[in-house]
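The sequence and the structure are shown first, and the main points follow by topic.

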Amino acid sequence: DPQQLELATSGKRKLRRFIVIDEVVDELYGSKVREYFEENNVQHKILALPTTEETKSMDLVLNILQEVQNFSIDRRTEPIIAIGGGVCLDIVGLAASLYRRRTPYIRVPTTLLSYVDASVGAKNGVNFLQCKNKLGGYTPPVASFLDRSFIQSIPRRHISNGLGEILKMALMKHKGLFDLLKRHGKYLLDTKFQSYSGSADHGDAALQTTRIAIETMLEELAPNLWEDDLDRLVDFGHLISPELEMRVLPSLMHGEAVNIDMAFMTYVAYTRGLITAEEKEQIIQCMRGLELPVWHGGCSWPLIKRALMERLKHSGGQPRMPLPTGLGVAEIFNDTSEETLERAYKLWVRD
């Protein structure tokens with residue numbers, strides 16, 4: 001609305017922003033964020049919260065909304081800003097979508113996982129009844145601001161965690177990305193995805209891998225933003241991992257659980273004859289190189305069966321199982337027998 005825009009930018013009215021920031025990020029960057037808003041003469045409220053998988057609940061959404069109501073924002077011209085990892089972005093996205101039916105919000109991801117995954121697409125949500133993201137919706141942000149300098153302050157394990165989601169896109173859609181991860185994985189972990197002028201041997205591996213991961217994710221999500229089509233390659237690694245992740249909280253991070261799922265599904269693809277023994281080995285070795293777990297004791301055969309039964313409920317009665325058919329290529333299968341799955345499981349556990 002031109003009139004609202006003019007009012008917001010004419011200086012007749014002071015700019016106001018409501019910011020939700022993860023409490024760990026607030027300790028590291030909170031003073032810079034406050035300084036920024038003060039220097040730009042923006043009236044602001046910063047709400048620092050513990051945003052973890054355990055606190056990702058409707059209660060936290062309602063806490064945020066109470067504070068939003070107290071601050072009293074204009075739901076057209078004053079977007080809520082979320083600064084944090086994927087959990088923070090998910091929670092704030094849901095809160096914004098509920099407030100006055102839809103309030104604009106901006107995502108600022110601060111972890112590698114949220115940079116390549118939660119910052120892209122329309123989904124938001126919270127956990128409910130011990131089920132991952134059981135409540136949620138599809139409300140895209142008005143913008144995502146991507147700044148890799150945040151990633152330099154996160155622990156190495158968190159970098160590895162984000163590499164799990166990048167590897168997912170590589171295995172499903174992009175052999176070149178897979179080759180980048182194989183060649184530069186350790187370097188990316190060591191340098192925490194920062195770009196250095198003196199890294200000629202590696203090109204700008206951090207920029208290349210993040211850009212390709214986001215572009216391939218957008219290719220998959222954009223034509224199917226509301227998930228009208230349930231055949232989704234981006235579900236690779238997400239058939240068993242939601243059950244596993246919630247069952248063993250907090251011992252596995254999201255990208256780690258996804259990788260364990262992908263490792264098992266790599267064995268399923270091998271058992272079905274979709275990939276060769278050498279390709280299976282290349283995938284598993286790449287995972288190890290990225291310092292990702294390729295097996296977990298909590299991923300039992302009964303848990304796998306239960307998770308796949310749950311999958312059927314949410315995917316129109318079909319498993320819709322994305323499997324690699326080579327390196328960087330994949331298809332969705334509905335005809336994997338229980339016998340094949342069990343053979344793959346035994347082989348996976350043995351190895």
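An unreviewed UniProt entry annotates residues 48-160 as "domain: 3-dehydroquinate synthase N-terminal". The model shown here is predicted.

**The annotated span**
- Residues 48-160 are 35% helix and 25% strand.
- Between the end C-alpha atoms of this span the distance is 26 Å.

**Overall form**
- The protein contains 13 helices and 9 strands.
- Along the principal axes, the C-alpha atoms fill a box of roughly 70 × 50 × 35 Å.

**Packing and surface**
- Buried residues make up 53% of the 351 residues.
- Of the contacts between residues at least 6 apart in sequence, 75% join residues at least 24 apart.
- The accessible surface is about 16,200 Å², and carbon and sulfur atoms account for 50% of that area.

**Charge**
- There are 42 positive and 46 negative side chains in the protein.
- The centres of these two sets lie 2 Å apart.

**A residue in focus: Glu245**
- Glu245 is located in helix α9, which covers residues 241-248.
- Glu245 counts as buried because its relative accessibility is 2%, and the cut-off for buried is under 20%.
- Leaving aside residues up to four places away in sequence, Glu245 touches Glu53, Lys132, Leu252, His254 and Ala257.

Technical notes:
Residues are numbered from 1 along each chain as its sequence is written. This is a predicted model: local features need pLDDT of at least 70, side-chain atom pairs count only at pLDDT 80 or more; totals for chains, interfaces and linings use all residues. Side-chain values use heavy atoms; hydrogens and water are left out. Helices (H or I, at least four residues) and strands (E, at least two) are DSSP runs, numbered from the N terminus. Buried means under 20% relative accessible area, exposed over 50%, partly exposed in between (1.4 Å probe, protein chains only). Contact means heavy atoms within 4.5 Å. Accessible areas come from the Shrake-Rupley method with a 1.4 Å probe; for residues, only the protein chains shown count as cover. Lys and Arg count as positive and Asp and Glu as negative; His and the chain ends are not counted. The place of a charge is taken as NZ of Lys, CZ of Arg, CG of Asp or CD of Glu. UniProt positions are given in the numbering used here, feature names are shortened, and annotations may be inferred rather than shown by experiment.
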